[in-house]
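Hi,

Here is the structure I promised to pass on. Have a look at it first, and then read my notes below.

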Amino acid sequence: MLRAIRPKGKTIFLYLLAPMIWYLFAVFVPLITALYYSFFEWKGGPKKTFDGLVNFQHLVQDTVFWQSFGHNLYLVAICIIGQIGIAFVLVLMINSRLVKLKGIHRTFGFFPSTISAVCVGLIWKMIYDNKRGLLNWFLNVIGQGDKTQVWLNNTEKVMLFVAIPLVWQFIGYYMVILLSAISSVDAEIFEVAELDGANAFQRAIYIVLPLIKNTLLVCITLCVSGNMKAFDHIYSMTEGGPGYSSMVMAMYGYKVSFQEMNLGYGSAVSVGIFITSLAVILAVQKLINIYTKDKGVE
């Protein structure tokens, strides 16, 4: 019998060297470059003036940046509930013995996440259009024409309207992740619980959730990190308007850097996005760990 040959540590290192170099170049070099330029007053071109921490002092006092940060937190909360919550419910339904053709459901559920975010934003912008949009047309058809409005000009609810496409697009993405986690659980566990009289809700809360806790933590981390840098949907739908009512941090950094041509302060905004996003991700993970320990979930 042939015995498997285990590669040496040096061989493994050589295989990993190229991806590690590429990762460092793609992630850390831009971050270090942004940190470097954030200490300068720079409007583009070769001329830069060193001004120390002035950009960061301005950033701390920038109400638009912190308003944008609040909008990102709003997106995170909506998408954790909408994307992961709905995905979890759909996975439980698909994983049921009553549902056939599970592969088709999984494929069609995942399909929206393969569409370009800009395309999704444009599609939903057309749905919200006040003259030719599907939403206003439907309200007129059902006799609720008095409720039609210019949806994306509603400053109080515009963040909810731009969050809906984000939720819609990535439900299938998290559905596939959670479905793979639940599929790895022994089916006998669910059968025994069903024989003991546990209903669907009890099986979901007391069996499925503890068993896929680590996968849920990964999903929540991906959801938080993705929505803290949301840009494409906002840009194609509202560009942060009306006013700053749908402005998010990445959109603000883009406007400061490339529309106002204030590249030094735009770099400081980018560093601020990185720090605040990292803080939110760590805080969410800490809260989840505290909650699971209190509930006795290991």
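At what angle do helix H5 and helix H7 pack, and how far apart are their axes? H5 (residues 117–128) and H7 (residues 158–183) pack at about 130°, and their axes are 10 Å apart. Axes here are lines fitted to C-alpha atoms, for helices over the stretch in contact, and angles run from 0 to 180 degrees between N-to-C directions. That angle makes H5 oblique to H7 (under 35 degrees counts as roughly parallel, over 145 as roughly antiparallel, 65 to 115 as roughly perpendicular and the rest as oblique).

Before going on, a word on the source: this is a predicted model, where local features need pLDDT of at least 70 and side-chain atom pairs count only at pLDDT 80 or more, while totals for chains, interfaces and linings use all residues. Residues are numbered from 1 along each chain as its sequence is written, and side-chain values use heavy atoms, with hydrogens and water left out.

On the H5 side the contact (heavy atoms within 4.5 Å) is made by Ala117, Val120, Trp124 and Tyr128. H7 brings Phe161, Ile164, Pro165, Trp168 and Gln169 to it. By class that gives eight nonpolar residues, one polar and no charged. For the classes, Ala, Val, Leu, Ile, Met, Phe, Trp, Tyr, Cys and Pro count as nonpolar, Asp, Glu, Lys and Arg as charged, and the others, Gly among them, as polar.

H7 also packs with helix H3 (residues 63–94), at an angle of about 40° and with the axes 7 Å apart. H3 and H7 are therefore oblique to each other, and H3 passes H7 in a right-handed crossing. The residues in this contact are 24 nonpolar, three polar and no charged.

Val91 has 0% relative accessibility, so it counts as buried (buried means under 20% relative accessible area, exposed over 50%, partly exposed in between, with a 1.4 Å probe and protein chains only). Leaving aside neighbours within four places in sequence, Val91 touches Met175, Leu178, Leu179 and Ile182.

Now the rings. Searching the whole structure turns up 19 aromatic pairs. Rings of Phe, Tyr and Trp (its six-membered ring) pair if their centres lie within 6.5 Å; planes under 30 degrees apart count as stacked, over 60 as edge-to-face and the rest as tilted. Phe231 and Tyr235 have ring centres 5.5 Å apart and planes at 15°, so they are stacked. Tyr254 and Phe258 are a tilted pair, at 5.7 Å centre to centre and 45° between the planes. Both of these sit in helix H12 (residues 249–259), four residues apart, about one turn of the helix. Tyr254 is partly exposed at 25% relative accessible area, whereas Phe258 counts as exposed at 54%. There is also an aromatic cluster formed by Tyr36, Tyr37, Phe40, Trp42 and Phe50.

As for the whole chain, there are 13 helices and two strands, which are DSSP runs numbered from the N terminus (helices are H or I with at least four residues, strands E with at least two). Of the 298 residues, 37% are buried. The C-alpha atoms fill a box of roughly 70 × 70 × 40 Å along the principal axes.

Cheers

Definitions and conventions: Left-handed = near helix turned anticlockwise from the far one by under 90°.
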